[in-house]
Amino acid sequence: LAFMLSPESSPLRELRWWVENYGERDGLSRLTATLITALHLHIEEHAEAVVQSELSKDFLEMLCLWFEHIICARQLLAKLPDTATWPETTAFCKQMIQNAIDSEPQRVCSRSFRAGDIVWNCKQCQKDTTCVLCQQCFRDSDHEGHDVYFYHVMTNAGGCCDCGDAGAWDPRGFCRRHGEAASARRDPDPCLWLPGDMTSTSRIVIDQVVACISKLAAVGSADLVLEPIYHKMDTPHVLQSAEFNDEVKRLKERVSRASPGLHLRPRTESRDEMAVAILLLNWFGKVKRCIATSAAKGRSPGLALKEEVEPFVLTAITLQNMSKCMEIVHETRGYLHFHLVARNASSIRVSLFTEHLAKWLLKSLCADSDAFSRITCYALTEGEPTCADETSDADRIGGTLVPLKRLIVQDLQLPDSCGKALRNLYIRLLVDSLFKQRFAMAFAKTYRECAFARVRRLPVLEMSDLDTIFGLSKK
């Protein structure tokens, strides 16, 4: 594995070995699975490293290059000699993929908007006010006599051109490059627009990459957790201890002072959006009352605290505030009665792998391709069923909606940049009518679970957190 993922390896010799020993389909599937295994081994071996090292960046780049080589395997083996170098095979693969994308009729524009772009509305053509055209599609379409207006995009928050999407825009207002008419002479299944061998190899790679993303996204979020050192609370007269009261004072000051600047917010069942200082004061009050009550009843205060008082949790540690959070943890490491720990801190690093894979899928394959988008749709919605309901969905609608349902539920726990990378991928895929239909079903099926989790965590969310395709209105 180490040699395969090094620049010194010979990609064509490796590809040929897997194909000759196991056959093309089985060999490439085994090779992809081996590369995914290498990813998990890399994460385990560097579990203590919280942030992504240059080694990990190089590893991910090489991993994605291998995925592109597998997608183009048949053409690579047929047209290049085994002595071809990594730069030569990489350039060949990228050109092959780009040629396949360029040969597709693009049914929906889906151009992503950035700050400064001009966006057009047409009251006669748009289905609602969120449906818009980019400047180029508007210029190449007919809106004579229509009530139109434009505006400049102010941020990079997202959004894309709806030209070609009959669910968002009147087909009579499409430009000549987009819509069903642009692909009328091609097979209605976009997957078949790719060269035959590329369709099958793409499904091998994308199926396993999406399954890997789903597994990595399940690691959860990283939090600061403050809890008593329970056995120390059984010390007689602990509430009168100078050390105890000094630690309480210093923790209240340090955590309350640091939280706003680090954007740390308390995770609590309360709907009241109180300041960290007030909630922390209340928490220490609960701790003291529990100790006093249990001691008066002859019960172990440490055991009572463990059963009756939840730890105080501050969320969410991010890549940006990680170093400052760890400073606070180190400052409190010698305390006798309380300890502050960074729980699940390795999830930040794991999320970077998830983010990188999602960005690779979007940028290298799906961004300008209906074919790769449809294959990714299949990978997200046709996973193995895990319950009777998913088996029923597979029979009724042709897909289990797995792992998409799990990813929707996990969205709230993902770090901002990772969640955004996945949501950008979903937004691009929504131009595919099949994915739009299945996404709506998956969202409806998980809505209760997502809504409950989001409402419980409203005190730890800001309005920007709600401004997503998964957002719930506060009204």
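Which residue in S3 is the bridge partner of Ile118? The answer is His152, and the points below place that pair in its surroundings.

1. Basis of the model. This is a predicted model, in which local features need pLDDT of at least 70 and side-chain atom pairs count only at pLDDT 80 or more, while totals for chains, interfaces and linings use all residues. Residues are numbered from 1 along each chain as its sequence is written, and side-chain values use heavy atoms, with hydrogens and water left out.

2. The chain as a whole. The protein chain contains 18 helices and 7 strands, where helices (H or I, at least four residues) and strands (E, at least two) are DSSP runs numbered from the N terminus. Of its 475 residues, 50% are buried, a term that stands for under 20% relative accessible area, with exposed meaning over 50% and partly exposed the range in between (1.4 Å probe, protein chains only). The chain exposes about 23200 Å², of which carbon and sulfur atoms supply 53%; these areas come from the Shrake-Rupley method with a 1.4 Å probe, and for residues only the protein chains shown count as cover. Among contacts (heavy atoms within 4.5 Å) with a separation of 6 or more, 78% join residues 24 or more positions apart.

3. Strand pairing around S1. Two strands pair if DSSP finds at least two bridges between them. S1 pairs with S3 in the antiparallel sense over 5 bridges, and S1 also pairs in the antiparallel sense with strand S2 (residues 133-134), over 2 bridges. On the S2 side, Leu133 is the bridge partner of Trp120. S1 is mostly covered, since 4 of its 5 residues are buried.

4. Two buried loop residues. Ser110 sits in the loop between helix H5 (86-102) and strand S1 (118-122), and Ser110 is buried, with a relative accessible area of 6%. Beyond its neighbours within four places in sequence, Ser110 is in contact with Cys160, Cys161, Ala367, Arg428 and Val431. Cys161, in turn, belongs to the loop between strand S3 (148-152) and helix H7 (196-217) and counts as buried at 0% relative accessibility. Not counting residues up to four places away in sequence, Cys161 touches several residues, including Val108, Ser110, Leu133 and Cys137.

5. Helix H9 (residues 276-296) has 21 residues, which at 1.5 Å a residue should span 30 Å, and its end C-alpha atoms are 30 Å apart, in agreement; the expected span is 1.5 Å times one less than the number of residues. The buried residues of H9 include Leu279, Trp283 and Phe284, and the elements they pack against include helix H8 (242-262) and strand S7 (338-343). Gly298, whose phi is positive, near 75 degrees, follows H9. Helix H12 (residues 346-366) reaches 29 Å from its first C-alpha to its last, close to the 30 Å expected, and 15 of its 21 residues are buried.

6. Nonpolar cores. A nonpolar core is a set of buried Ala, Val, Leu, Ile, Met, Phe, Trp, Tyr and Cys residues joined through side-chain atoms within 4.5 Å. In the largest such core, of 77 residues, Leu15 and Leu39 touch the most other members, and H7 gives the most to this core, with 10 residues. Apart from this core lies another, of 36 residues, among them Met233, Phe284, Val287 and Met322.
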